[in-house]
Amino acid sequence: MRTNRLTPWLYIAPVLFLLGLFLLYPSIETFRISFFGPSSKDFVGFANYIYAFTNPVMVSAFRNNALWVVVFTSFTVGFGLILAVLLDRVKYEKIIKSLIFIPMAISFVGAGVIWKFVYAYRPPGAPQIGLLNEIVTALGGKPIGWLITRPWVNNLCLIFVGIWIWTGFCMVILSAAYKNIPRELMEAARIDGANEWQVFWRVIIPLLKPTVAVVATTMVVFVLKVFDIVYVMTNGNYSTEVVANRMYKEMFAWSNYGHASAIAIVLLILIIPMMIINIRRFREQEATR
Amino acid sequence: MKLLKRIFPRTTLHAVIIGIALIWMLPTVGLLVTSFRLPQDVAHTGWWTVFSHPFNFTQYTLQNYETVITKNGMGRAFINSLIITVPATFFPVLLAAFAAYAFAWMKFPGRKTLFMVVVALLVIPLQMTFIPILRIFNWLHLSGTFPGIWLAHTSYGLPLTVYLLHNFIAGLPRDLFDSAAIDGASTMQTFFRLVIPLSVPAIASVVIFQFIWVWNDLLVALIYLGGFRSVAPLTLQVASLVGSRGQDWELLTAAAFVSMALPLFIFFSLQRYFVRGILAGSVKG
C-alpha cells in the first residue's frame with residue numbers, strides 16, 4: 001500500500017492519546033498516590049495497604065467478594081451449562097433462550113429495583129407485597145427481611161440478582177460450543193452403553209472444558225468489580241460490603257484518596273491473573289493467523 | 001436415549017424448562033404490572049392480585065409514568081441519557097476503526113507491542129483511573145459536563161472496540177487491499193470505500209455493545225456527573241429515587257421501566273446483533 005512513514009501514526013494517534021491520558025497515566029498516578037495520605041500530600045508508605053487488608057469492613061468486603069466469586073461463578077456457569085444441554089432437546093429452545101437472556105439488556109440499577117421489590121418485606125400479619133415473602137407466608141412461614149438478614153441470607157440474595165442477569169450469557173456461549181460437538185461422539189458413547197449421566201460427565205464436559213474456562217474467567221473478572229447491584233440494593237450495609245463499593249465510598253463520601261487508590265490497586269492485582277490469561281489467548285489467536 | 005426417557009421423561013423435562021423460564025420472567029412481570037397500578041393498591045396488596053380479575057381496567061393507571069417523567073426528573077434523565085450515549089458510542093467506534101485498520105494492514109515499528117498494550121488495557125479496572133481523571137476534570141471544569149463524560153466513555157470504550165474491530169478487519173482478504181493499492185487508492189479511500197462497508201456486521205455488534213454499556217452505566221456517571229442533577233442520566237436518577245422514594249414502589253417500578261425501555265426495544269428488534277454484541281463485548285474490563 002502507498003504509505004509514507006507517518007501515515008500509520010495518524011490513524012492510531014487519537015486512540016493512543018486518549019488511552020494514554022485516560023487509562024495509562026491515571027493508573028500510574030493512582031499507584032503513586034496509594035502511598036500518600038488522604039489528600040495526596042504526605043508520604044505514608046504502606047499505611048493505606050495495611051488499612052486495606054486489616055480494616056474490619058475491608059476484611060468483610062474481601063470475604064463477600066470471595067463469596068461472590070465462588071457462588072456467582074459456579075451458578076452462572078453451571079446453570080448456563082445445564083440449560084444449554086437441556087434446551088438442545090426441546091423444539092421451543094429459541095424462545096426460552098431469549099427469555100433467559102433478557103436480563104442482559106437491563107441495567108444493574110433496573111435489576112436492583114426489580115429484585116428489591118421481589119425481596120420486599122412487610123411485618124407478619126400484614127399482606128406481603130414482595131413475591132418471595134408472599135410465597136414464604138403462603139407456605140406457612142414467617143416473612144423474612146431478605147436484605148437485612150446477615151451475613152448469609154442477604155449476601156446470597158444479592159448474588160442471586162447477579163446470577164439472574166448473567167446466566168443467559170453463559171448459556172448462550174456454552175450452547176454454541178455444545179452444538180459444535182459432533183453428535184456421533186455422543187451416539188458412539190451411548191451405543192457403547194453409556195447412560196446420559198456418563199455421556200454428560202465423560203464426553204460433554206471434557207469437550208466443553210476450554211469454553212467453560214473462558215466463560216468462568218469472564219465471570220470472575222466481572223464479579224471482582226461488582227458494584228451497581230450492591231450500591232443500589234443495600235449500599236454495603238448489613239455486612240454486604242464489596243471492594244468496589246468501598247472504594248467508591250472512600251473516594252466520594254470520605255475523600256480519602258490514599259485509601260481509595262490502595263483499594264483500586266488491590267483490585268487490579270486480583271484481576272492481573274485474568275489479564276495474563278487474556279493476553280495468552282490473544283497470542284494464540286495471533287499465532288494461528 | 002431409552003434410558004434417558006425412563007429416568008427423565010419428556011414431561012419432566014418440559015416442566016423443568018418452563019418452570020425455570022417462569023422464575024426468570026416473574027420478577028420483570030411484577031415490575032411491569034406494578035408500574036401500572038394505583039398507589040394505594042401497590043402499598044396494600046401484591047401485584048399478583050390483579051390476575052384474579054385481569055380485565056378490570058379500573059385497577060390500571062398511567063399516572064405513575066406521568067409522575068416520574070414530569071415530577072421525578074425521569075423525562076429530563078431520558079434526554080440526558082441520549083445526549084450522553086449517542087456521542088459516547090459514535091466517537092469510540094470511529095476512532096477505533098481508524099486504529100484497527102492501521103494495526104491490521106499497515107507496517108510500522110512497534111506495531112505488535114502497541115497493540116498488546118491496547119489489549120492489556122482491556123482489563124484495567126476503571127477504578128484505577130477515577131481519582132487522577134477527576135482531578136484533571138475539576139481543574140478543566142469538565143466534571144458534571146457532557147463533554148467530560150463523552151471523553152471518559154470514549155476512552156474507556158476504546159480498548160475493546162479496537163480489539164474487536166481489529167480481529168474483524170485483519171480477517172478481510174489480502175487480495176482486496178492489494179488490488180486497491182494497484183488501482184492507486186490512498187489509505188483514506190481504502191478505509192472509507194473498502195474497510196468500513198465490509199465491516200458493517202462487526203461495527204453493528206460493537207455499536208450495540210457500546211450503546212448498551214453506556215446507557216446502562218452507573219459507576220462512570222456517578223463519578224464524573226454525580227451531584228449534578230441537571231445532567232444525570234437514567235441510571236443515576238433511578239438510583240437516587242431508590243434512596244429518596246424507597247417505599248413508593250409504583251414510582252420506582254415506573255422509573256425503572258422507563259430506564260429499561262430503550263435497551264429492551266433494541267433487544268427485541270435487533271436480537272441477533274444484540275446477542276452477538278454482548279458476547280463480543282464480554283471481555284471488557
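Reply: A residue is called buried if 20 or more other C-beta atoms lie within 10 Å of its own, exposed if 12 or fewer, and partly exposed in between, with C-beta atoms placed from the backbone. This is a predicted model, where local features need pLDDT of at least 70 and side-chain atom pairs count only at pLDDT 80 or more, while totals for chains, interfaces and linings use all residues. Residues are numbered from 1 along each chain as its sequence is written, and chains are lettered from A and ligands numbered from 1 in the order in which they are written.

Thr187(B), Thr190(B) and Val195(B) are the buried residues of H10(B). They sit on the same side of H10(B) because they cover an arc of only 55° around the axis (taken from the directions from the helix axis to the C-beta atoms). On the other side of H10(B), Met188(B), Gln189(B), Arg193(B) and Pro197(B) are exposed.

The cover over the buried residues of H10(B) includes helix H5 (74–105), helix H8 (146–170) and helix H9 (174–182) of chain B, together with helix H1 (7–33) of chain A. That brings in the partner chain: 81 residues of chain B are in contact with 76 residues of chain A (C-beta atoms, placed from the backbone, within 7 Å). Helix H2 (residues 10–35) of chain B gives the largest share of the side of chain B that touches chain A, 13 residues. That side divides into 60 nonpolar, 21 polar and no charged residues (nonpolar being Ala, Val, Leu, Ile, Met, Phe, Trp, Tyr, Cys and Pro, charged being Asp, Glu, Lys and Arg, and polar the others, Gly among them).

Two spots in chain A deserve a quick backbone check. Most residues other than glycine have a negative phi, and most peptide bonds are trans. Asn235(A), in the loop between helix H10 (228–233) and helix H11 (243–253) of chain A, has a positive phi near 50°. Asn235(A) counts as partly exposed because 16 other C-beta atoms lie within 10 Å. Arg150(A) and Pro151(A) are joined by a cis peptide bond, with omega about -10°, and Pro151(A) lies in the loop between helix H6 (131–138) and helix H7 (152–180) of chain A.

Note on methods:
Contact = placed C-beta atoms within 7 Å. Helix = DSSP H or I, 4+ residues; strand = E, 2+ residues; numbered from the N terminus.
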